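Thanks for making time this morning.

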Amino acid sequence: MRLLLLLHLSLSIAVHLRGTLETEPVKLVHVLSMGREASCWVMDLLKNTSHASIFEPLGGLVEGSQIPRHSQSSTDAALQCLYDCHNCTGSEVRKDSLEELQQFCQDADDSESSLPYLVVKTTRIVDHAAISRALPQSYVDSSRFIVLLRDPRGVWASTKPYTSWAIHHIDLVCQLLALQALSLPDLAAVAGNRVLLGVYENWTEDTVSFAQDAARLLGVDADSFADFAKASQRPSEELMPPSWVNTLEASEIEEIETNANCQSYMARVGYTTKSWKSALKSPSELFGPLSEPEKLRLAELRSLQAALTQTLTDQATELPEPWKLEFQRPSP
């Protein structure tokens, strides 16, 4: 039991790559998921009744196979809008999300003190390199990031009933998961210990501990999340073995386990084939350097993206600092 608790802590705590977090107020918390990883639950936890939130701002704009092919320039524009609505032109996010962002910005502009953090949840930004590419470092520093991962067999079992969804394809699910995991080092490079990694099979066994980790990441009282997390805890017999063991066909499991992108994802995170028992990697391993085969896999996935519409070469991965938008309130 002690070993399991230590494993839990090592897998769910924020990764400390840059020392102690600064005491500056957290302005935005971004929940990054590809979907079916309990991101709605995490968003509800973070909202904590008093925080404004933006739910799926790209829903209806970027769907299905468009997600891994979404151009870098469009993704960058969406992020720049989400992190400061003063940069929105009206087409980057859904209309309702734009209105909510504008209201939040108006409240912030009218307030003499900092507002409680804004919660943003997206399932359509899965390549984490976009964070470093689109946002100035100063704005990354005042944000926090919660990245969710899950066994691809569990993701597919949760997606399977929704046959009308645009992501209802095993190959697409594998692409998105691989992009998620293989781009984690890009996020760690700029966000450091501002990232909390939540592996579904791990944190769902102890929702209270996960909530405490999230509270520490945000610098808030852990008790403020405890009641919600405790009420959501499922009995262990409902979690293990995972539901996909009994709901997926053998052919579906084989298709997932033999898919090249899912194989890369499973090896990276620590999921095992032919078994639901896993040897999940530590956060330091998941945020660490990619192997050469992983680099090639990530490059192949990124080649699906449309060419940038800016005057950059196809090989560019980082905007020059002066090209990044400065996130400041307009002068009165």
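Before I name any residue, one cut-off is needed: a residue is called buried when its relative accessible area is under 20%, exposed when that value is over 50%, and partly exposed in between. Please also keep in mind that what you see is a predicted model.

Let me begin with helix H12, residues 207–218, which holds both aspartate 213 and arginine 216, three residues apart, or about one turn of the helix. Their side chains meet in a salt bridge, with a nitrogen-to-oxygen distance of 2.4 Å. Which of the two partners is buried? Aspartate 213 has a relative accessibility of 4%, and because the limit is under 20% it counts as buried, whereas arginine 216, at 53%, is exposed.

The structure holds 17 salt bridges, and another one I would like to show you is between arginine 302 and aspartate 127, whose closest N and O atoms are 2.8 Å apart. Arginine 302 belongs to helix H19, residues 292–302, while aspartate 127 sits in the loop between strand S3 and helix H6, so this pair ties together parts that are 175 residues apart in sequence. Aspartate 127 is buried, with a relative accessible area of 8%, and arginine 302, at 25%, counts as partly exposed.

Staying with helix H19, we find arginine 297 and glutamate 300 in it, three residues apart, again about one turn, and their side chains form a salt bridge at 3.8 Å, N to O. Glutamate 300 is partly exposed, at 48% relative accessibility. Elsewhere, salt bridges with shared partners link Glu56, Glu63, Lys121 and Arg124 into one network.

Now back to helix H12, this time for its packing. How do H2 and H12 cross? The axis of helix H2, residues 39–47, comes within 11 Å of the axis of H12, and the two cross at roughly 55 degrees, which means that the helices are oblique to each other; the crossing is right-handed. On the H2 side the contact is made by Trp41, Val42, Leu45 and Leu46, and these meet Thr207, Phe210, Ala211, Ala214 and Leu218 of H12. Sorted by kind, the residues of this contact are eight nonpolar, one polar and no charged.

Technical notes
Residues are numbered from 1 along each chain as its sequence is written. This is a predicted model: local features need pLDDT of at least 70, side-chain atom pairs count only at pLDDT 80 or more; totals for chains, interfaces and linings use all residues. Side-chain values use heavy atoms; hydrogens and water are left out. A salt bridge is a side-chain nitrogen of Lys or Arg within 4 Å of a carboxyl oxygen of Asp or Glu. Helices (H or I, at least four residues) and strands (E, at least two) are DSSP runs, numbered from the N terminus. Buried means under 20% relative accessible area, exposed over 50%, partly exposed in between (1.4 Å probe, protein chains only). Axes are lines fitted to C-alpha atoms, for helices over the stretch in contact, and angles run from 0 to 180 degrees between N-to-C directions. Angles under 35 degrees count as roughly parallel, over 145 as roughly antiparallel, 65 to 115 as roughly perpendicular and the rest as oblique. A crossing is left-handed if the near helix is turned anticlockwise from the far one by less than a right angle, and right-handed if clockwise. Contact means heavy atoms within 4.5 Å. Ala, Val, Leu, Ile, Met, Phe, Trp, Tyr, Cys and Pro count as nonpolar, Asp, Glu, Lys and Arg as charged, and the others, Gly among them, as polar.
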